[in-house]
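Please open the structure in your viewer and keep the selection panel at hand.

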Amino acid sequence: MTKASLSLSKDYIQALLGHVTRPDEVGLHRAYELGRAALTSGFGVLEMALLHHEALCRLGADDTVAISRGQFARAAEFFAEALSPFEMSLRGYQETNSRLATNNKLLERAKAEAEAANRELEAFSYSVAHDLRAPLHVIDGYCQALLEDCGDTLSVECKKYLDSVCRSAERMGRLIEDLLKLSRITRAGLHRRSVDLSHLAHSVIAALREREPRRYVEVNIADGIVADCDEGLLRVVLENLLGNAWKFTGKRADARIEFSTLKQDDTFVYFVRDNGAGFDMAIAGKLFSAFERLHPSSEFEGTGIGLATVHRIIGRHGGRIWAESETNRGASFFFSLDESTE
């Protein structure tokens, strides 16, 4: 028996004896205080019952004390009052569990409703984007036909208007295509396997070089970067991140792009870094939202869907993505993948 339990035992015996021989509210209050002390000290109900039994045995063994039937009843009353803090604690525990269960049901219902709403919104977005392509092709086709068939009879200003319509239709077509890609990524299944991300990155850079053969960009891709992931989706991630790095270094003669890894708090982190235009971190919160652009389209082309797509893919892999940058001093995009997520 510890010193604390020995002291509590002595106090309990003395208080019980006092209440048995001279019953009053003070004695019952003392029983409550002893019960609270026992609860705080880590006593359980069984230990309290044993303590009460021990106290009664000691009182019964004392030849100077004669305990009557009524005094035994008061001893039971004392014990019941000593257990009241345990009863209150149990009720509080039950009420808390009940509230948690209710809250969990509400959260599950809200989650199910949110998932259903998201599915409906994605289906709606897909349908709208898909249906918009047909009339857009018609607009673009008639504009091209007017320029080809009636170009000689149109004024310079009319040609300018038609050119503007064609460019706008083309941009809207790219935007619709990106929206459809985002919707497909959300709806598609996730197929994990071991993927050589270094090889993927090299193939993405090769495609960028083929598109702009006259540009020189110093590209450093670390060897042996492997991840358990969906290969098709991670290709989309690298196409967007490396493509952005390629685009935003377009005005630098000494353009540099790097793809590598690092360890951060026991987590394997992948990153794409460049020395391009960068951005102000004060507006970094907009980075991964659809249609948000940190640079005007007149300066750098794009639809503002790419990083939202990347964010969705990384999220589906159970990871996270973040960025660090400084205006005109380049940008670094970091992402992790929870390779245990199904």
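**The whole chain**

Begin with everything displayed, and bear in mind that this is a predicted model. The chain contains 8 helices and 7 strands. Of its 342 residues, 34% count as buried. Consider next the contacts between residues at least 6 apart in sequence: 70% of them join residues at least 24 apart.

**Helix H6**

Select residues 197-211, which form helix H6.

Now colour Leu197, Ser198, Leu200, Ala201, Val204, Ile205 and Leu208, which are the buried residues of H6. Turn the view until you look down the axis of H6; the buried residues fall within an arc of 160°, and therefore line one face of the helix. On the face turned away from this buried side, select His199 and Glu210, which are exposed.

What do the buried residues of H6 pack against? Their partners are H7 and the strands E1 (192-196), E2 (218-221), E3 (226-230), E4 (256-264) and E5 (267-274).

**Helices H7 and H8**

Select residues 231-248 for helix H7 and residues 306-316 for helix H8. Their axes come within 9 Å and cross at roughly 140°. The crossing of H7 past H8 is left-handed.

To see the contact itself, show these side chains and residues:

- From H7: Leu233, Leu234, Val236, Val237, Asn240, Leu241 and Asn244.
- From H8: Gly306, Leu307, Thr309, Val310, Ile313, Ile314 and Arg316.

Sorted by class, this contact has 9 nonpolar, 4 polar and 1 charged residues.

**The loop between H7 and E4**

Move on to Ala253, which is located in the loop between H7 and E4. Is Ala253 buried or exposed? Its relative accessible area is 77%, and residues over 50% count as exposed, so Ala253 is exposed.

**The loop between E6 and E7**

Finally, select Asn328, in the loop between strand E6 (321-325) and strand E7 (331-336). Asn328 has a positive phi of about 65°, although it is not a glycine. Asn328 is exposed, with a relative accessible area of 54%.

Definitions and conventions. Residues are numbered from 1 along each chain as its sequence is written. This is a predicted model: local features need pLDDT of at least 70, side-chain atom pairs count only at pLDDT 80 or more; totals for chains, interfaces and linings use all residues. Side-chain values use heavy atoms; hydrogens and water are left out. Axes are lines fitted to C-alpha atoms, for helices over the stretch in contact, and angles run from 0 to 180 degrees between N-to-C directions. Helices (H or I, at least four residues) and strands (E, at least two) are DSSP runs, numbered from the N terminus. A crossing is left-handed if the near helix is turned anticlockwise from the far one by less than a right angle, and right-handed if clockwise. Contact means heavy atoms within 4.5 Å. Ala, Val, Leu, Ile, Met, Phe, Trp, Tyr, Cys and Pro count as nonpolar, Asp, Glu, Lys and Arg as charged, and the others, Gly among them, as polar. The expected span of a helix is 1.5 Å times one less than its number of residues. Buried means under 20% relative accessible area, exposed over 50%, partly exposed in between (1.4 Å probe, protein chains only). The arc is that of the directions from the helix axis to the C-beta atoms.
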